[in-house]
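My notes follow in the order in which I made them.

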Amino acid sequence: MPAQLFDDVAAAFARGKAIPYLGCGALALGAEASPIPATPLELVARLTAKTTVPHKVRTNLTGAAQYIENFKHRKTLSSLMTEAFRASAAPNQLHRMLAAIPDLPLLVHAWYDDVPQKALAGRADWGMAQGVSQTEHHGRWVNYYRPDGSEVTGPDPNVVEGEMPLFAPTPDEAQAWGTLLYQPLGSVAPATNYLVSDSDFVEVLTEIDIQTPIPFAVQELRRGRHFLFMGCRFDNQLDRLFARQIMKRSSARHWAVLPDTLTRNEERFLEEQNIERIDWPLAKFVAALAPMLQDQSLPA
């Protein structure tokens with residue numbers, strides 16, 4: 001990787017202009033095998049091990065989840081998801097590095113575990129915005145939570161009762177957080193919110209092009225900032241769509257740590273979104289970046 005590119009990433013963090021975007025691959029940095037699913041294939045295997053689904057959807061996460069929801073009930077699907085992510089997984093070097101950054105306005109975490117929350121637990125100036133299923137929370141796109149897991153509630157003057165909001169509003173309390181942890185797919189903690197079935201995503205995708213499900217705070221915080229994708233792949237249309245919509249109207253330059261062979265769709269996506277590829281293993285990239293960020297956080 002060119003030294004200048006590495007310096008640019010570190011400088012963006014120093015200025016508070018970098019937004020880390022973590023995928024399920026971030027779990028692979030742990031010293032031991034992850035006790036929780038670290039890929040969609042691992043997760044769907046956990047779900048289908050406890051209930052029978054048609055063979056054609058056994059390796060399709062959203063399709064298998066939809067079948068379970070239709071024929072076993074939504075509560076069964078939620079219980080299986082919670083069971084899959086209930087095991088304790090400790091933050092790894094990547095999570096600890098990000099939690100230690102003093103100026104980190106936004107952290108996006110696009111998987112169902114609670115490891116970033118554990119990494120941030122030592123701080124008090126942060127909170128969560130989690131995507132929620134319309135099946136369980138009709139009329140709401142996002143729930144907000146404090147570090148202790150309590151929900152931030154209260155009416156919003158822009159929302160008309162009985163109507164879907166035009167965007168996911170931000171409670172006044174949440175606007176004061178130093179770091180917003182945005183979990184667009186939900187999370188096992190603190191309230192077992194999951195976007196995982198076909199119907200969950202149909203509801204969101206119907207509105208996401210006009211940004212309705214994206215929290216207004218995220219829309220504001222991304223302006224002029226650069227996304228750094230870590231532990232993500234873009235070989236799935238759903239993953240590309242979420243990334244594209246979350247980074248919309250941000251800066252014109254972004255980065256992605258992608259060491260493996262790319263698909264044609266991934267190459268096209270990187271080009272379309274002006275994402276520079278960092279062709280390093282994620283562990284090597286984090287090991288090199290962590291000392292630079294630590295030096296920046298030390299008092300002069």
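I began with Asp 114 and listed its contacts (heavy atoms within 4.5 Å), leaving aside neighbours within four places in sequence: they are Ser 187, Val 188 and Ala 189. Asp 114 sits in the loop between strand 2 and helix 6 (115-120). Helices (H or I, at least four residues) and strands (E, at least two) are DSSP runs, numbered from the N terminus. Is Asp 114 buried or exposed? I found a relative accessible area of 15%, so Asp 114 is buried; the cut-offs are under 20% for buried, over 50% for exposed and partly exposed in between, with a 1.4 Å probe and protein chains only. I also took the separation of the C-alpha atoms of Asp 114 and Tyr 145, which are 31 residues apart along the chain, and got 13 Å.

A note on the source: this is a predicted model, in which local features need pLDDT of at least 70 and side-chain atom pairs count only at pLDDT 80 or more, while totals for chains, interfaces and linings use all residues. Residues are numbered from 1 along each chain as its sequence is written, and side-chain values use heavy atoms, with hydrogens and water left out.

Next I followed Ala 189, one of the contacts of Asp 114. The peptide bond that leads from Ala 189 to Pro 190 is cis, with omega near 0°. I placed Pro 190 in the loop between strand 7 (186-187) and strand 8 (193-194).

I then went to helix 9 (residues 237-246), where Arg 240, Phe 242, Ala 243, Gln 245 and Ile 246 are buried. What covers them? At the start of helix 9, I found a side-chain oxygen of Asn 236 within 2.7 Å of the backbone nitrogen of Leu 238.

The loop between helix 9 and strand 10 (254-257) holds Ser 251. Ser 251 is buried at a relative accessible area of 17%. Which side chain does the side chain of Ser 251 meet in a polar contact? I found that of His 226, at 2.8 Å. A polar contact is a pair of N or O atoms within 3.5 Å; within protein, one must be able to donate a hydrogen and the other to accept it, and residues adjacent in sequence count only if both atoms are side-chain atoms. Not counting residues up to four places away in sequence, Ser 251 touches Arg 222, Gly 224, Arg 225 and His 226.

Arg 249 is also in the loop between helix 9 and strand 10. I read its phi as near 60°, a positive value in a residue other than glycine. Arg 249 counts as exposed, at 52% relative accessibility.

Asn 274 has a positive phi too, near 55°, and is not a glycine. I placed Asn 274 in the loop between helix 10 and strand 11 (275-278), where it is partly exposed with a relative accessible area of 41%.

Last, I looked up totals. I counted 11 helices and 11 strands in the chain. Of its 300 residues, 51% count as buried. The C-alpha atoms fill a box of roughly 60 × 45 × 35 Å along the principal axes. Among contacts between residues at least 6 apart in sequence, 72% join residues at least 24 apart.
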